[in-house]
Amino acid sequence: MKKFLSAIMLVSAMLGVSAQDFRLDEKAGYFRNQGVDVMAFDDIYPEGHQSGLSLIMHGNRLATNGDVRFEQTPGQWQPVPKQRSRKLDAAGNSITTTLSFPDTSRHLAGFNPMIYPDFVFGYTVSVKGEGDAVIVSVDLDRPIPQSLAGKIGFNLELFPGALFGKPWMMDRASGIFPRQPNGPTLTLAENYPLAGNFNPAPKTNKEHLSGYHRGYNPILADDIIAEPYAVGKRFVLCPDDNLNRIVIESETSELKLFDGRMNHNNGWFVLRSDIAVGATKGAVRWIIRPSVVPDWKYSPVIQTSQVGYHPRQPKVAIIELDKREQSRAIPSLYRITEQGETEVFADAGREWGQFLRYNYIKFDFSGVGAEGLYRVRYGDAASSIFRISRDVYDRGVWQPVLEYFLPVQMCHMRVNEKYRVWHDLCHDDDALMAPTDCNHIDGYVQGPSTLTKYKSGDQVPGLNVGGWHDAGDFDLRVESQAGETYILTLAYEAFKVDYDATTVDQSKKLVEIHQPDGRNDILQQIEHGALSVVGAWNSLGRLYRGIICNDLRQYVLLGDAGAMTDGITGNSDDRWVFTENNPYRELTTAAELAAAARALKGFNDQLAAQSLSAATSIYNTTQGEGRARSAKIHAAAELFLTTGSKAYKDYITSESAFIAENIARTGWFLARAEKAMKDAGFSKSFRAALVKYKDALDKQSGETPYGIPYRPHIWGAGWDIQRIGYEYYFLHSAYPDVFGPDMVYDALNFILGCHPGSNTASFASGIGTKSAIPGYGLNRADWSYIPGGVVSGTALIRPDFPELLEFPYLWQQVEYVLGGGSSHYMFLVLAAQDISKQFK
């Protein structure tokens with residue numbers, strides 16, 4: 001074995017890799033060694049493969065979630081620990097973290113409920129830099145009992161998307177990481193019978209959560225896993241690749257290499273050491289030696305719109321650099337001609353400074369307006385090719401949202417596209433009233449009453465119409481349904497959208513993509529959203545909280561939505577409808593329905609009248625207190641715009657002080673109403689508050705090189721930035737002397753490729769030279785995408801690493817969503833198009 005290690009070290013030396021020291025950077029909070037970073041328990045999202053020990057190898061996160069787990073290959077419903085403390089010790093060059101099982105707040109409760117085995121213990125994970133290695137050790141505060149032999153171990157997850165076709169070595173065994181999981185399988189005793197009693201009044205029924213043991217269920221998916229590819233004491237990842245090679249040696253139990261995709265489609269490869277029964281001090285000890293390439297630096301990344309620019313709009317490329325890089329090249333703009341590339345503009349650019357872990361230069365080429373194909377170069381780096389053209393937004397940019405994404409997401413319909421069936425007629429058996437005192441797997445909560453005349457388990461009529469599936473979950477949340485309807489309504493009103501590429505036949509429950517039917521597609525989509533919300537209102541006498549599948553096996557469905565239920569009403573596979581008392585959500589929905597009534601008038605007069613009636617009723621019966629106060633004002637504003645009633649105007653003016661104090665929340669939706677109200681006193685205080693708000697926006701926007709308020713968190717920030725740009729447009733449209741157009745363009749450019757990190761893809765799938773493919777939608781298992789779907793976008797690996805992986809199962813990076821994502825994007829493109837038309 002020693003000869004084997006010496007051979008590896010000799011090969012490393014021959015390949016030009018020198019030993020470096022891993023030092024704890026207290027300011028950053030992790031270990032650094034030139035181009036390799038080792039992070040320890042700074043991230044807090046294990047279900048999303050973001051927590052524990054993580055290794056970033058020369059700009060790519062290759063390993064993560066290094067922590068103690070109860071399963072060899074856990075999924076998102078398997079128990080995760082509760083982190084208690086984290087201590088950095090610069091003198092000792094170490095990070096020490098204390099954790100414990102169970103997290104009682106998650107046992108059969110809350111969003112994403114879990115079932116914890118009946119073993120309470122704490123443990124400490126110490127990560128210490130020692131020369132060219134990082135030493136990981138685990139101490140338990142009590143020994144593992146015999147009943148849990150082989151159940152508890154230390155796992156490290158390896159990112160599949162970077163490893164397909166790449167080699168590994170385990171002692172004298174070797175292999176290639178496969179694209180699909182391969183048998184044989186291994187049968188183990190499941191953890192379910194060992195469940196503890198950590199929540200005296202759980203809201204989640206354990207038997208229902210487990211699917212009553214009727215076959216595969218994600219929460220019981222620890223019983224049949226893949227046999228390990230190899231077992232040994234020393235593992236080498238990517239032995240042929242200096243940039244990604246990692247050598248891991250266990251000084252305690254053997255290492256096992258598993259394929260987590262065998263029991264969870266969204267799983268990762270897992271390297272694991274079981275913790276021996278009776279072990280406490282030094283239960284795990286790993287020596288990790290990542291390959292460190294001497295003097296490696298992050299290659300410059302040029303971020304531009306993947307679609308392009310109108311000749312007269314601002315055009316700024318963002319150049320992202322290793323913060324250790326001292327030299328500078330000259331950014332240049334090249335035009336693509338029949339003869340090749342020709343430089344047309346060069347400038348040193350403006351040094352912006354550091355954001356997250358990189359330095360930035362802004363290269364402004366706004367003065368270039370000649371139409372054509374272009375790219376930006378900086379040294380050896382090049383951007384994607386983009387267009388400068390007056391018609392840059394006129395085709396295939398916002399239209400895929402209406403042509404593809406919204407039709408594909410339509411519930412209670414069969415959706416065809418010529419030869420293709422996107423999904424068959426689905427959920428025609430909606431829906432049963434949810435059980436009372438129920439905590440659903442996706443965060444829905446039904447209280448002690450159904451709040452309606454229907455009892456738990458009753459079939460509620462009128463719910464099998466309208467609505468869109470939310471992302472890959474297939475549920476209909478009221479905020480996504482009414483919110484989507486509202487955004488489409490405001491787009492229709494602001495930009496007079498008239499586009500027909502799709503047949504929508506509500507009587508036949510049939511959609512034919514790219515088969516025009518002579519009716520405006522955006523109005524048909526507004527109608528489809530209102531049908532769901534108003535249909536539920538008519539049946540229930542109140543709003544629904546949402547409609548969602550009732551068990552976990554249905555929830556993880558990949559593929560045809562029509563396969564989720566049998567279409568026969570009144571049986572156990574029917575979805576559940578939830579209700580709630582939530583004044584904020586109810587009043588917001590009232591505002592959205594009031595607006596939809598305007599768009600539907602003359603298109604579907606009956607539905608328009610019902611929408612307005614529901615909005616009025618909600619407004620009149622719902623108190624606007626606390627968080628709901630701004631929502632009540634929102635509802636009054638839309639009802640005023642729809643009806644012109646003085647009562648709504650009077651309510652708005654009575655709240656002028658609150659509105660001014662909360663202008664960041666209220667300004668955008670009152671901008672249209674303020675113009676129509678023609679109240680000099682209100683307008684004066686409102687405008688004064690807006691001027692102060694603009695100053696605050698400018699200050700926040702100046703915190704990043706992207707010109708927008710952007711404070712990254714775990715989830716990708718694309719949806720939030722689109723929402724900011726969408727809301728900002730109404731301020732610009734109403735008060736152009738205060739709010740210039742730049743933030744609309746900046747928000748759109750962020751979505752279309754001008755965002756941090758090495759992946760500069762457009763967040764809008766299928767739109768632009770390079771776009772986010774695959775996406776987290778109904779066809780994610782095929783590594784595919786839905787055109788016009790807009791992903792959540794670049795996420796933050798805490799504390800400072802921006803990441804957008806090409807992997808279909810990371811919802812926090814590549815999920816599609818309703819009630820914002822794609823419709824906000826479409827609105828932004830239409831806004832940019834509209835503003836650009838004003839240029840002469």
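1. A helix here is a DSSP run of H or I with at least four residues, a strand is a run of E with at least two, and both are numbered from the N terminus. Keep in mind as you read that this is a predicted model.

2. Pro774 sits in the stretch between helix 15 (742-751) and strand 41 (795-797). The bond joining Ile773 to Pro774 is cis, with omega at about 5°. For background, most peptide bonds are trans, and most residues other than glycine have a negative phi.

3. Leu108 is not a glycine, yet its phi is positive, about 55°. You'll find Leu108 in the loop between strand 7 (94-101) and strand 8 (121-130). Its relative accessibility is 6%, so Leu108 counts as buried. Leu356, also no glycine, has a positive phi of about 55°; its place is the loop linking strand 26 (350-355) to strand 27 (358-364).

4. Now helix 7. Its 18 residues span 25 Å from first C-alpha to last, close to the 26 Å expected at 1.5 Å a residue. Because 15 of those 18 residues are buried, helix 7 is largely enclosed by the rest of the structure. Just past the end of helix 7 comes Gly602, with a positive phi of about 90°.

5. How do helix 7 and helix 9 pack, and at what angle? Helix 7 (residues 583-600) and helix 9 (residues 628-643) meet at about 15°, and their axes are 8 Å apart. That angle makes the two roughly parallel, since anything under 35 degrees falls in that class. The crossing of helix 7 and helix 9 is left-handed. On the helix 7 side the contact includes Pro583, Tyr584, Leu587 and Arg598, and on the helix 9 side it includes Lys632, His634, Glu638 and Leu639. Sorted by class, this contact of helix 7 with helix 9 has 13 nonpolar, 4 polar and 3 charged residues.

6. Helix 5 and helix 8 make another pair. Helix 5 (residues 521-540) packs on helix 8 at about 55°, with 10 Å between the axes. Helix 5 and helix 8 are therefore oblique to each other, and their crossing is left-handed. From helix 5 the contact uses Glu527, Ala530, Leu531, Val534, Trp537 and Asn538; helix 8 supplies Leu607, Gln610, Ser611, Ala614, Ser617 and Ile618. The residues in this contact of helix 5 with helix 8 come out as 7 nonpolar, 4 polar and 1 charged.

7. Is Leu612 buried or partly exposed? Leu612 belongs to helix 8 (residues 605-621), and at 24% relative accessibility it counts as partly exposed. Beyond its neighbours within four places in sequence, Leu612 is in contact with Ala597, Leu639, Thr642 and Thr643. Leu639 is 27 residues from Leu612 along the chain, with 8.1 Å between their C-alpha atoms.

8. Last, Thr503, which lies in strand 37 (residues 502-505). With 16% relative accessibility, Thr503 counts as buried. Setting aside residues up to four places away in sequence, Thr503 touches Leu510, Val511, Glu512, Gln515, Pro516 and Asp517. Thr503 and Pro407 are 96 residues apart in sequence, and 9.4 Å apart in space from C-alpha to C-alpha.

Note on methods: Residues numbered from 1 in each chain as written. Predicted model: local features only at pLDDT ≥ 70, side-chain atom pairs only at ≥ 80, totals over all residues. Heavy atoms only, no water. Axes fitted to C-alpha atoms, helices over the stretch in contact; angles between N-to-C directions. Parallel < 35°, antiparallel > 145°, perpendicular 65-115°, else oblique. Left-handed = near helix turned anticlockwise from the far one by under 90°. Contact = heavy atoms within 4.5 Å. Nonpolar A, V, L, I, M, F, W, Y, C, P; charged D, E, K, R; others polar. Expected span 1.5 Å × (residues − 1). Buried < 20%, exposed > 50% of the residue type's maximum accessible area, 1.4 Å probe, protein only.
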